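Please look over the sequence and the structure shown below before you read on. The report that follows is meant to be read alongside them.

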Protein chains: 2
Amino acid sequence: MKLSKNNLHEHQHRLYDAIIVGGGAGGLSAALYLQRYNLSCLVIEKGKGRSFWMQDLRNYLGLHENTPGRELLRHGQERVVDLGADHLRGFVEQVTDEGDTFSVRVKVGKTNSIYPTFRAKYIVAASGLIDHLPQLENMQNVFDYAGYTLHVCMICDGYEMNNKPCGLFVNSEKNINSAFVMNWFTPYISVFTHGLCEVGEEMRNKLKEHGYPLYEQPIKKFLGHNHELSGVELEDGTVVDLETGLVAMGSQHHSHYLSELDLQWKGGNLITDSMCRTSHPRIFALGDLKEGLNQVSIAVADGTLAATAIWRDIRRASPPRKWEENLAQSTVEPVGVVS
Amino acid sequence: MKLSKNNLHEHQHRLYDAIIVGGGAGGLSAALYLQRYNLSCLVIEKGKGRSFWMQDLRNYLGLHENTPGRELLRHGQERVVDLGADHLRGFVEQVTDEGDTFSVRVKVGKTNSIYPTFRAKYIVAASGLIDHLPQLENMQNVFDYAGYTLHVCMICDGYEMNNKPCGLFVNSEKNINSAFVMNWFTPYISVFTHGLCEVGEEMRNKLKEHGYPLYEQPIKKFLGHNHELSGVELEDGTVVDLETGLVAMGSQHHSHYLSELDLQWKGGNLITDSMCRTSHPRIFALGDLKEGLNQVSIAVADGTLAATAIWRDIRRASPPRKWEENLAQSTVEPVGVVS
């Protein structure tokens with residue numbers, strides 16, 4: 001059921017099979033499988049993760065090409081609640097290992113917050129990441145284009161940039177290297193540092209050799225209308241015409257709640273085995289939080305894997321269910337021809 | 001485009017980036033990604049694979065719970081053809097390694113067959129498997145229930161069997177062990193060997209201890225109506241009441257076309273790395289054909305991985321695309337503030 005401030009108290013005394021931190025594609029897929037394995041789970045979703053911002057989810061088989069990410073999330077949330085999962089809008093602050101169980105402290109409500117604690121046998125960390133965007137005085141101007149024609153994932157949306165004049169927005173010299181991958185899709189690349197980093201001679205020469213101009217002034221605003229980017233205006237008034245853009249300014253993993261636990265990381269990603277199990281046998285990590293491609297299809301498969309591994313663990317540790325009626329009449333043959 | 005006997009001749013002279021053997025969930029996901037990476041591909045689909053038979057695809061995030069497998073396939077096929085993929089209904093007979101390319105011989109048409117050959121740089125083996133079903137004189141009687149209430153995958157459909165009287169249909173003693181996993185979902189299990197195998201004393205005792213009757217007579221027919229199983233009638237007239245069933249009679253991988261190639265197998269499954277690459281650097285294997293869970297979500301993710309690996313290979317071997325206009329006017333600053 002959907003939990004909220006009003007009804008969550010009784011659920012604090014329940015021991016869930018799994019608590020899933022993150023209600024994106026990975027977390028919802030895990031919940032779908034866990035519920036269909038007759039296991040109990042609580043999904044805790046802070047809202048507005050990466051898939052929420054996707055306006056057109058075009059590379060996930062089965063969806064109409066204009067399906068926005070938030071529609072996948074809405075539908076998935078409805079499905080898992082129908083199947084008996086609990087779902088809470090809240091921010092997971094800390095997961096504590098209590099031995100055989102975990103306790104999960106959550107902040108619920110932005111104002112008059114309460115801090116309930118839930119308990120589970122397993123943790124599924126599916127809290128993903130959020131992309132850094134150019135910080136402008138008027139952030140609405142950024143949100144007007146981000147996820148529409150200003151993309152954050154080349155694998156997802158390179159195709160939409162094919163042969164279009166494209167801005168590459170970076171915050172470090174290292175991230176400029178995305179230009180030399182993006183040119184698979186378009187050679188009409190202009191690089192914008194937004195005044196955030198120095199660019200060395202070697203990189204300047206490389207850009208020059210490829211014909212990709214470099215703009216180092218801070219951005220004043222994105223230009224366009226109806227979510228269609230038409231260019232960028234810089235602080236000094238320069239206008240650069242663009243039709244699309246890629247933001248390559250890195251991202252922030254949402255994983256602070258795991259800080260008390262001794263897990264193996266590689267950069268911001270959790271290291272997992274082929275079933276998405278971390279170095280802790282009862283903590284799994286999915287999708288963007290683990291190593292690998294940051295794709296909806298991968299996160300959904302990861303949910304399948306983690307839920308199946310949890311089911312196998314719990315099932316193998318449970319006594320077998322027998323057909324008691326047949327055992328009771330052990331001297332009588334069950335109905336039918338039985339040998 | 002959709003290829004057929006009438007229009008396929010000109011495509012025989014084309015060198016595709018990839019030929020995908022199998023148009024199930026994995027193959028279509030690979031095609032979707034390849035096309036969005038601006039790579040060319042041909043999907044060759046023999047028809048009626050495992051996902052075609054699923055009546056309700058209930059564990060793939062994003063689909064309505066009553067979506068049949070064939071609807072996912074139909075929609076995916078339409079998507080990839082819209083994106084420029086070629087699609088051919090045919091049976092792949094042989095893949096031959098020609099060094100830098102592969103040739104793929106296909107049988108097209110059940111009558112008046114023709115045997116065209118297509119060529120590609122990469123092969124994506126996504127041809128999956130088909131489940132063995134009980135062979136009855138009237139196979140339509142089996143098809144009336146298979147994929148509806150007579151299931152072939154416990155991970156997919158165990159939930160639908162919860163606490164129902166369930167038949168387990170096997171063709172070997174080993175497969176009877178599925179009963180001791182299926183009892184997670186229901187303890188009301190009756191085992192049917194259809195007269196196909198001997199059952200040893202140890203297994204008989206184990207079944208007796210669990211209260212699961214064993215029926216060794218051949219099956220005469222499945223009973224029920226409107227795809228809802230109500231029982232089984234055996235050759236000797238015995239009727240056993242059931243509401244659902246699981247067929248655990250093994251399966252046949254469709255992989256004969258790879259027989260000339262020296263690939264690493266584990267049983268009927270191809271061994272692959274984390275990007276679904278087989279022991280041949282330009283052959284990938286997806287979904288049910290490789291080791292791992294046989295789930296739609298896994299196949300779809302595998303398509304993502306294989307296509308991405310192929311794109312990386314081809315992209316890295318290609319010359320970079322430069323912004324030629326900017327190079328031509330090398331002594332003139334491009335428009336805007338450029339450093």
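**Basis of the report**

This is a predicted model, in which local features need pLDDT of at least 70 and side-chain atom pairs count only at pLDDT 80 or more, whereas totals for chains, interfaces and linings use all residues. Residues are numbered from 1 along each chain as its sequence is written, chains are lettered from A and ligands numbered from 1 in the order in which they are written, and side-chain values use heavy atoms, with hydrogens and water left out.

**Chain A as a whole**

Chain A has 9 helices and 20 strands, where helices (H or I, at least four residues) and strands (E, at least two) are DSSP runs numbered from the N terminus. Taken along the principal axes, the box filled by the C-alpha atoms of chain A is roughly 90 × 50 × 35 Å. Of the 339 residues in chain A, 58% are buried; buried means under 20% relative accessible area, exposed over 50%, and partly exposed in between, with a 1.4 Å probe and protein chains only. Among the contacts in chain A with a separation of 6 or more, 59% come from residues 24 or more positions apart, a contact being heavy atoms within 4.5 Å.

**How the two chains meet**

The contact takes 78 residues from chain B and 78 residues from chain A. Because 100% of the interface residues of chain B are also interface residues in chain A, the copies meet through the same surface. The area buried between chain B and chain A is about 7,000 Å², and carbon and sulfur atoms give 59% of it; buried area is the accessible area (1.4 Å probe) that two parts lose on being put together, summed over both. B:R36, B:L61 and B:W184 supply 14% of the area that chain B buries against chain A, more than any other three residues.

Between chain B and chain A there are 30 residue pairs in polar contact, both residues being at pLDDT 80 or more. A polar contact is a pair of N or O atoms within 3.5 Å; within protein, one must be able to donate a hydrogen and the other to accept it, and residues adjacent in sequence count only if both atoms are side-chain atoms. On the side of chain B that touches chain A, α8(B) gives the most, with 11 residues.

**Salt bridges**

A salt bridge is a side-chain nitrogen of Lys or Arg within 4 Å of a carboxyl oxygen of Asp or Glu. By this rule there are 32 salt bridges over all chains, and 3 lie across the interface of chain B and chain A.

| Pair | N to O distance |
|---|---|
| B:R36 and A:E160 | 2.9 Å |
| A:E71 and A:R74 | 2.9 Å |
| A:R204 and A:E216 | 3.0 Å |
| B:D131 and B:R50 | 2.8 Å |

A:E71 and A:R74 are 3 residues apart in helix α3 of chain A, and are therefore separated by about one helical turn. A:E71 is partly exposed at 31% relative accessibility, and A:R74 is partly exposed at 39%. B:D131 lies in strand β8 of chain B and B:R50 in helix α2 of chain B, so this pair ties together parts that are 81 residues apart in sequence.

**Two single residues**

A:S127 lies in the loop between β7 and β8 of chain A, and at 10% relative accessibility it counts as buried. A polar atom of the side chain of A:S127 is 2.5 Å from the backbone oxygen of A:H254.

B:D313, in helix α8 of chain B, is partly exposed at 25% relative accessibility. Leaving aside neighbours within four places in sequence, B:D313 is in contact with B:Y122, B:R277 and B:P281. B:D313 and B:P281 are 32 residues apart in sequence, with their C-alpha atoms 9.9 Å apart in space.
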